[in-house]
Amino acid sequence: MEGVMKKVEAIIKPFKLDEVKESLNSLGVRGLTVSEVKGFGRQRGHTELYRGAEYVVDFLPKVKLEIIVEEDLAASVVEAIEKAANTGRIGDGKIFLSSVEDVIRIRTGERGKDAV
């Protein structure tokens, strides 16, 4: 298979999604998958008051982006997400980068970068 591909996974604050998406569009990213997820990191959640009772909200709403790009675009994608998703506050999220062995487009059977 020619051309190494990378998977960029990013967990970000939901209100940053549009800004990140616009930033990725400007790089020419042609597709991404977005999922609503819940989780916690160092921030560990917070305490809320509901009908007079305190309870802990430990899984916070986040958005997970999954983007497959050619290796030479991966660093730019990571940088774009870093800049667009950053608020400077705890809970801004994480970015994970991993290698992708192959991609297959179900409709046509295309493989590799042609399928991205």
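Asp72, Ala75 and Lys83 are exposed on one side of helix H2. Buried residues of H2 include Ala74, Val77 and Ile81. This is a predicted model.

**Helix H2**
- Helix H2 covers residues 71-85, which is 15 residues.
- At 1.5 Å a residue, H2 should span 21 Å, and its end C-alpha atoms are 21 Å apart, so the two values agree.
- Ala74, Val77, Val78, Ala80, Ile81, Ala84 and Ala85 are buried in H2.
- Viewed down the axis of H2, these buried residues fall within an arc of 165°, so they line one face of the helix.
- An α-helix has 3.6 residues a turn, so residues three or four places apart point the same way.
- The cover over the buried residues of H2 includes strand S1 (5-12), helix H1 (17-27), strand S5 (60-70) and strand S6 (93-100).

**The sheet**
- Four strands make an open sheet, ordered S2-S5-S1-S6, with antiparallel pairing.
- Strand S2 (33-39) and S6 are at the edges with a single partner strand each, so one side of each has no neighbour in the sheet.
- From one strand to the next, the twist averages 25°.
- Eight bridges join S1 and S5 in the antiparallel sense.
- Ala10 stands opposite Leu65 in S5.

**Helices on the strands**
- H1 lies across S1, S2 and S5, and runs at about 10° to S5.
- H2 lies across S1, S5 and S6, and runs at about 155° to S5.

How values were computed:
Residues are numbered from 1 along each chain as its sequence is written. This is a predicted model: local features need pLDDT of at least 70, side-chain atom pairs count only at pLDDT 80 or more; totals for chains, interfaces and linings use all residues. Side-chain values use heavy atoms; hydrogens and water are left out. Helices (H or I, at least four residues) and strands (E, at least two) are DSSP runs, numbered from the N terminus. The expected span of a helix is 1.5 Å times one less than its number of residues. Buried means under 20% relative accessible area, exposed over 50%, partly exposed in between (1.4 Å probe, protein chains only). The arc is that of the directions from the helix axis to the C-beta atoms. Contact means heavy atoms within 4.5 Å. Two strands pair if DSSP finds at least two bridges between them. Axes are lines fitted to C-alpha atoms, for helices over the stretch in contact, and angles run from 0 to 180 degrees between N-to-C directions.
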